Amino acid sequence: MKRLLNSSSLLIGLILVFIGILDNRETINNGIEKALSRVFFKDNYADLWQVKPGSIYDGDTLRVVRGNEELKIRICGIDAPELKQPLGIESRDYLRSLIAQGNGTIHVLPIETDRYDRTVAELWIPIKPDYEAQIHLNTAMVEAGYAYHYQQYSDSCVSAENLGWAEKIARDEKLGVWNGNHQKPWKWRSAKKYTN
């Protein structure tokens, strides 16, 4: 009887956790839909670009081109592991796989320019074959556990709140950077600065 009660309690607990995760995902999806409507149907329309082949350096930086224009993009509100860190290459490759779903086509909503003269932006990938659906790269990278919500620099992001929910999902499911004892990239860069 005691074993049955323990099993029932465990099952109820797992169901509640699962429902909580689904609610978080629904919150993120609703937030992304609202962000999409603000981005694609207002004055701050996101422009269509192409990702420059071979330019995805890591999980949060890439270059885009349109005619003779070229921008170096830093994805708004996230920080991915550096290439020399554990999961750095996996993070870069995951970003590449998401972008490949849109054949390199990308919607860019510039937010600001950072101190390295990169365009900080919200990014969406239109998905093949009909390009009707969108992948919001900012939240997709965080939700998969291949980037952290970079709260210190996310205030100006359209998706700032969604990044927090996406990180909660990744942390709860122990995905990517949340599976083990990984050093956050900003702490890793700071430590490298003082050892060089």
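Visitor: By class, how many nonpolar, polar and charged residues does the lining of the largest pocket have?

Guide: The lining of the largest pocket has nine nonpolar, four polar and 12 charged residues. Here Ala, Val, Leu, Ile, Met, Phe, Trp, Tyr, Cys and Pro are nonpolar, Asp, Glu, Lys and Arg are charged, and the others, Gly among them, are polar. The model is predicted, with local features requiring pLDDT of at least 70 and side-chain atom pairs pLDDT 80 or more, while totals for chains, interfaces and linings use all residues. Numbering starts from 1 along each chain as its sequence is written, and side-chain values use heavy atoms, with hydrogens and water left out.

The largest pocket holds about 620 Å³ of space, a volume being the space filled by probe spheres set on grid points joined across faces, edges and corners. A pocket is an open set of points on a 1 Å grid over the protein atoms alone, where a 1.4 Å probe fits and protein lies on both sides within 12 Å along at least five of seven lines; lining residues have an atom within 4 Å of a point. In total, 25 residues line the largest pocket. Those nearest its centre are Arg115, Tyr116, Arg118, Tyr150 and Arg189.

Strand S3, strand S4 (78–79) and helix H5 (185–195) each supply at least two residues of this lining. H5 gives the most, with four residues. Helices (H or I, at least four residues) and strands (E, at least two) are DSSP runs numbered from the N terminus. The protein has five helices and eight strands, in the order α-β-β-β-β-α-β-β-β-α-β-α-α along the sequence.

Two strands pair if DSSP finds at least two bridges between them. S3 (residues 69–75) runs antiparallel to S2 (residues 61–66), with six bridges between these strands, and Leu62 stands opposite Ile73 in S3. Two residues separate S2 from S3 in their hairpin, and Gly67 in the turn has a positive phi of about 60°. S3 also runs parallel to S6 (residues 119–126), to which three bridges join it; the partner of Arg74 in S6 is Val120.

From S6 the pairing continues to S5. These two strands pair in the antiparallel sense over six bridges, with Val108 opposite Leu123 in S6. S5 and S6 form a hairpin with five residues between them, and Asp117 in the turn has a positive phi of about 65°. S5 (residues 105–113) in turn runs antiparallel to S1 (residues 47–51), joined to S1 by four bridges. One of the paired positions there is Leu48, whose bridge partner in S5 is His107.

Most residues other than glycine have a negative phi. Leu87, which is not a glycine, has a positive phi of about 75°. Its place is in the loop between S4 and H2. Leu87 is buried because its relative accessible area is 17%, the cut-offs being under 20% for buried, over 50% for exposed and partly exposed in between (1.4 Å probe, protein chains only).

H2 itself (residues 88–100) has 13 residues and reaches 19 Å from first C-alpha to last, close to the 18 Å expected, where the expected span is 1.5 Å times one less than the number of residues. Its buried residues are Gly88, Ser91, Arg92, Leu95, Leu98 and Ile99. They cover an arc of only 120° around the axis, so they sit on the same side of H2; the arc is taken over directions from the helix axis to the C-beta atoms.

H4 (residues 160–172) also has 13 residues and a reach of 19 Å, close to the expected 18 Å. Ala160, Asn162, Leu163, Ala166, Glu167, Ile169 and Ala170 are its buried residues. Their arc of only 165° around the axis puts them on the same side of H4. Gly164, also in H4, counts as partly exposed because its relative accessibility is 30%. Gly164 and Thr139 are 25 residues apart in sequence and 8.8 Å apart in space, C-alpha to C-alpha. After H4 comes Lys174, with a positive phi near 55°. Over the whole protein, 43% of the 196 residues count as buried.
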